[in-house]
Amino acid sequence: MAEFGFNEHHQNEVINYMRFARSKRILRLKTIDSCFEELKDSRLVDETFTVDEVKEMLDGLQVVVRGEVEMELINTAHTNVLLLRQLFSQAEKFYLRLQSDISELENRELLEQVAEFEKTDFKTTDKINQETSKPKLAPLNEGGVSELLNKEISRLQEENDKLKSRLRTLESQAMSALDEKTRAERALKDLQKVQGEQQVAAQSQEISSLEDTVAALRVDYERSLSANAVSQKDLQENLIASKHELLRVQEQLSMAEKELEKKFQQTAAYRNMKEILTKKNEQIKDIRKRLQRYEPNE
């Protein structure tokens with residue numbers, strides 16, 4: 001069967017089917033022969049027959065033979081349908097779509113090749129080679145479509161593993177970026193806290209100094225008032241001037257605080273910390289976008 005492109009396994013399957021078809025054909029021919037024998041034994045007992053009797057016997061024989069032949073043809077068609085069903089079921093397991101060319105079933109050249117095979121090769125291989133259990137269709141050989149499917153499955157699994165590895169890398173980068181952002185924010189808060197404590201300490205010291213000055217002036221004023229009533233007006237003026245000076249100093253202190261805060265914001269440490277936070281925020285946004293591309297549902 002090399003003309004049909006069959007391998008050894010497929011050739012054995014074809015031989016088994018042809019053996020099955022031949023046994024059914026021989027059985028049906030024996031049935032037809034028995035019809036003729038029955039007619040000979042039951043009707044051909046006289047030496048002479050009329051035309052009507054011969055016609056009646058032939059008509060009856062025609063009905064019987066026609067029924068046997070029709071039954072055999074119907075059974076053959078149904079058997080072929082069951083065989084095709086097995087082939088299609090097996091092909092579906094491997095995600096294959098089989099197609100048939102009905103016109104090839106009447107190709108005289110191919111039919112003659114099949115007949116020649118039945119006369120020669122089939123006779124040489126006509127040995128008892130039937131399995132005790134029900135025969136099943138074997139899967140496709142590894143050299144055919146099955147190998148291509150396995151390669152495709154392996155390629156998809158490898159690509160899936162690469163995507164999973166890439167996803168794990170992106171997740172690790174995202175976690176690292178979040179950790180760095182958290183550390184940077186904590187460092188910035190600590191720096192601001194230290195700067196704020198230093199400013200509060202300096203302000204408290206200046207206020208205490210001013211309060212001491214005012215208290216000293218007030219003591220001097222009271223002492224001078226009790227010692228010399230004449231200089232009371234001068235002392236009051238000095239007190240008022242001292243109060244004005246206190247307000248002016250407090251205003252200068254407020255301006256100094258604002259200037260100090262402005263200078264702190266212009267320091268290299270503050271700018272570097274702000275740039276680091278800005279970069280980390282951009283990295284986190286970029287990683288989130290990339291994660292959304294790989295896992296849109298999440």
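Residues are classed as buried under 20% relative accessible area, exposed over 50%, and partly exposed in between. On this scale Glu37, at 40% relative accessibility, counts as partly exposed. Lys40 falls in the partly exposed class too, because its relative accessibility is 44%. The side chains of Glu37 and Lys40 meet in a salt bridge with an N to O distance of 3.9 Å. The two residues are 3 apart in helix α1 and are therefore separated by about one helical turn. An α-helix has 3.6 residues a turn, so residues three or four places apart point the same way.

The structure described here is a predicted model. The protein chain contains 7 helices and 0 strands, and the pattern along the sequence is α-α-α-α-α-α-α. Of its 298 residues, 14% count as buried. The accessible surface of the chain is about 23900 Å², of which carbon and sulfur atoms supply 53%. Among contacts between residues at least 6 apart in sequence, 79% join residues at least 24 apart.

A search of the whole structure gives 8 salt bridges. One of them joins Glu68 to Arg28, with the closest N and O atoms 2.7 Å apart. Glu68 belongs to helix α2 and Arg28 to helix α1, so this pair ties together parts that are 40 residues apart in sequence. Arg28 also meets Glu72 in a salt bridge, at 3.1 Å from N to O. Since Glu72 lies in helix α2 and Arg28 in helix α1, the second pair ties together parts 44 residues apart in sequence. Through shared partners, salt bridges join Arg28, Glu68 and Glu72 into one network.

The largest nonpolar core has 6 residues, namely Ile32, Cys35, Leu39, Met57, Leu61 and Val65. Helix α1 (8–43) and helix α2 are the elements that give two or more residues to this core. Beyond residues up to four places away in sequence, Val65 touches Ile32 and Phe36. Apart from this core lies another, of 5 residues, including Leu188, Tyr270, Met273 and Leu277.

Helix α2 spans residues 51–93 and includes Leu87. With a relative accessibility of 34%, Leu87 counts as partly exposed. Together with Leu84, Phe88 and Leu98, Leu87 makes a nonpolar surface patch of about 320 Å².

Helix α7 has 27 residues and reaches 39 Å from its first C-alpha to its last, close to the 39 Å expected at 1.5 Å a residue. Its buried residues are Tyr270, Met273, Leu277, Lys280, Ile284, Ile287 and Arg290. Lys280, placed in helix α7 (residues 268–294), is buried because its relative accessible area is 14%, below the 20% limit. Leaving aside neighbours within four places in sequence, Lys280 is in contact with Glu180 and Lys181. Glu185 is located in helix α5 (residues 145–227) and counts as partly exposed at 32% relative accessibility. The C-alpha atoms of Glu185 and Ile276 are 9.5 Å apart in space, while the two residues are 91 apart in sequence.

Methods: Residues are numbered from 1 along each chain as its sequence is written. This is a predicted model: local features need pLDDT of at least 70, side-chain atom pairs count only at pLDDT 80 or more; totals for chains, interfaces and linings use all residues. Side-chain values use heavy atoms; hydrogens and water are left out. Patches are made of residues with over 30% relative accessible area and no salt bridge: like charges are joined within 9 Å, nonpolar side chains (Val, Leu, Ile, Met, Phe, Trp, Tyr) within 5 Å. Accessible areas come from the Shrake-Rupley method with a 1.4 Å probe; for residues, only the protein chains shown count as cover. A salt bridge is a side-chain nitrogen of Lys or Arg within 4 Å of a carboxyl oxygen of Asp or Glu. Helices (H or I, at least four residues) and strands (E, at least two) are DSSP runs, numbered from the N terminus. Buried means under 20% relative accessible area, exposed over 50%, partly exposed in between (1.4 Å probe, protein chains only). A nonpolar core is a set of buried Ala, Val, Leu, Ile, Met, Phe, Trp, Tyr and Cys residues joined through side-chain atoms within 4.5 Å. Contact means heavy atoms within 4.5 Å. The expected span of a helix is 1.5 Å times one less than its number of residues.
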